[in-house]
Amino acid sequence: MELFYDLFGNVLNFTWQQLVMLAIGCVLIFCAVKKEMEPSLLLPMGFGAILVNLPFVNTEAIETLFNAGIASELFPLLLFIGIGAMIDFGPLLSNPKMFLFGAAAQFGIFFTLVVAVALGFDLKDAASTAIIAAADGPTSIYVANYFQSKYQGAIMVAAYSYMALVPIIQPPIIKAITTRKERMIRMEYAPGKVSKTTRILFPIFVTIIAGTVAPKSAELIGFLMFGNLIRECGVLDSLSQSAQHELANLITLLLGISVAFRMKAELFVTWETFLILGLGLLGFVFDTVGGVFFAKFLNLFSKKKVNPMIGAAGISAFPMASRMVHKMGRDEDPYNFLLMHAAGANVSGQIASVIAGGLIITLVENLL
């Protein structure tokens with residue numbers, strides 16, 4: 001009987017905010033298992049959200065993991081090695097003008113920064129929120145932790161959730177700002193031969209240039225490019241495979257569970273959290289708009305027209321954005337093949353988002 005009273009007493013100790021977080025945790029697990037949306041991250045994140053919001057639970061172990069992996073910036077950097085090892089920059093190197101689309105599709109970051117400041121967020125929290133629009137989870141985590149934002153949990157949930165929702169978020173936006181004729185534009189793809197030397201030199205040059213232009217991005221871009229160098233050097237195949245699979249999967253799981261430390265009810269269930277989710281969505285919208293309108297602008301002066309949807313692939317959500325653009329092109333014209341063009345813009349967006357994160361840090365530090 002005493003045990004029953006203890007259990008009943010613990011149930012009564014739940015606050016409504018904790019119950020909301022338990023529901024959010026269940027929703028994240030549902031999205032991971034049933035909808036297969038970023039399952040390696042959303043499942044541990046959802047389970048962790050449930051764990052840290054149970055009454056009287058000691059969260060010291062998760063806090064230790066958070067401090068060791070996220071507060072120290074270790075997990076995002078290690079994850080970038082795995083991401084770099086996964087990326088084939090061949091489509092970009094054979095069509096270098098795709099670099100422009102990766103840059104154009106970062107417009108939403110800076111637009112969201114201005115809006116967040118206008119809504120009353122302090123500059124550091126505004127910058128941390130704006131980087132959600134990078135469509136790059138590790139960069140979002142890195143920037144939010146760099147500025148010690150108190151909204152880290154909401155920022156991380158928004159960043160990865162919206163990445164998984166790219167196939168749902170982007171198509172209606174693209175259709176709203178393009179005509180069917182524009183979506184049917186065919187682009188010839190004549191892949192140029194990319195030598196092994198070029199593939200090896202590329203990550204080295206990118207690291208040097210990005211680290212010089214935006215020094216605050218040097219760590220992120222360096223680890224990303226190091227992962228790619230492991231892939232392309234040709235003498236570390238087993239290490240490349242391990243980075244792409246075992247390392248990336250393990251770090252993603254640890255990242256998801258440790259992020260939950262910032263998902264305690266008192267920190268997460270606030271009106272600012274829902275505002276951050278809205279701002280993150282706004283950033284995604286204007287990233288897409290920026291990329292598409294940049295392609296439209298180029299078409300004013302180009303003889304060979306660019307399918308404007310390629311601009312939407314310039315966000316960092318790889319490979320979801322490029323696959324989505326290719327599918328939309330095939331829906332309008334079954335014989336239109338946009339995948340390689342979109343992939344070039346997409347991997348360019350991966351580089352551009354990291355550089356944008358470094359520029360945001362530099363900009364904020366210079367303003368403070």
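Trainee: What makes Phe121 count as buried?

Mentor: In this predicted model, Phe121 has a relative accessibility of 8%. The cut-off for buried is under 20%, so Phe121 counts as buried.

Trainee: How many aromatic pairs turn up in the whole structure?

Mentor: The search finds 11 aromatic pairs. One of them joins Phe121 and Tyr151.

Trainee: What makes Phe121 and Tyr151 a pair, and why is that pair called edge-to-face?

Mentor: Take the two values in turn. The ring centres of Phe121 and Tyr151 are 5.9 Å apart, and rings pair if their centres lie within 6.5 Å. Their planes make an angle of 85 degrees, and planes over 60 degrees apart count as edge-to-face. So the Phe121 and Tyr151 pair is edge-to-face.

Trainee: How do you know that this pair links distant parts of the chain?

Mentor: Look at where each ring sits. Phe121 belongs to the loop between helix H8 (107-118) and helix H9 (123-130), while Tyr151 belongs to the loop between helix H10 (137-146) and helix H11 (152-164). The two residues are 30 residues apart.

Trainee: Then why is the pair of Tyr162 and Phe284 called tilted?

Mentor: Their planes are 55 degrees apart, with 5.6 Å from centre to centre. Under 30 degrees would be stacked and over 60 would be edge-to-face, with the rest called tilted. At 55 degrees, the pair of Tyr162 and Phe284 is therefore tilted. This pair also links distant parts of the chain, since Tyr162 is in helix H11 and Phe284 is in helix H18 (residues 271-299), 122 residues apart. Both Tyr162 and Phe284 are buried.

Trainee: How do you know that the charge of Lys296 sits over a ring, and which ring is it?

Mentor: The ring is that of Phe293, and the charged end of Lys296 is 5.9 Å from its centre. One part of the test asks for a distance within 6 Å, and 5.9 Å passes it.

Trainee: Next, what makes H9 antiparallel to helix H21?

Mentor: H9 and helix H21 (residues 339-367) pack at an angle of about 170 degrees, and their axes are 10 Å apart. Angles over 145 degrees count as roughly antiparallel, which makes H9 roughly antiparallel to H21.

Trainee: Which residues make the contact between H9 and H21?

Mentor: From H9 come Leu123, Lys124 and Ala127, and from H21 come Ile360, Val364 and Leu367. Sorted by class, the contact has five nonpolar residues, no polar ones and one charged residue.

Trainee: Why is Val115 called partly exposed?

Mentor: Val115, in helix H8, has a relative accessibility of 21%. Buried needs under 20% and exposed needs over 50%, so at 21% Val115 counts as partly exposed. Setting aside its neighbours within four places in sequence, Val115 is in contact with Leu279 and Leu282.

Trainee: What about Gln148: buried or exposed?

Mentor: Gln148 is exposed, because its relative accessible area is 54% and the cut-off for exposed is over 50%. You can find Gln148 in the loop between H10 and H11. Its phi is near 50 degrees, a positive value in a residue other than glycine.

Trainee: And why is Glu73 called buried?

Mentor: Its relative accessible area is 16% and buried means under 20%, so Glu73 is buried. Glu73 lies in the loop between helix H4 (60-71) and helix H5 (74-86). Glu73 too has a positive phi, of about 70 degrees, although it is not a glycine.

Methods. Residues are numbered from 1 along each chain as its sequence is written. This is a predicted model: local features need pLDDT of at least 70, side-chain atom pairs count only at pLDDT 80 or more; totals for chains, interfaces and linings use all residues. Side-chain values use heavy atoms; hydrogens and water are left out. Rings of Phe, Tyr and Trp (its six-membered ring) pair if their centres lie within 6.5 Å; planes under 30 degrees apart count as stacked, over 60 as edge-to-face and the rest as tilted. Helices (H or I, at least four residues) and strands (E, at least two) are DSSP runs, numbered from the N terminus. Buried means under 20% relative accessible area, exposed over 50%, partly exposed in between (1.4 Å probe, protein chains only). A charge sits over a ring if NZ of Lys or CZ of Arg is within 6 Å of the ring centre and within 35 degrees of the ring normal. Axes are lines fitted to C-alpha atoms, for helices over the stretch in contact, and angles run from 0 to 180 degrees between N-to-C directions. Angles under 35 degrees count as roughly parallel, over 145 as roughly antiparallel, 65 to 115 as roughly perpendicular and the rest as oblique. Contact means heavy atoms within 4.5 Å. Ala, Val, Leu, Ile, Met, Phe, Trp, Tyr, Cys and Pro count as nonpolar, Asp, Glu, Lys and Arg as charged, and the others, Gly among them, as polar.
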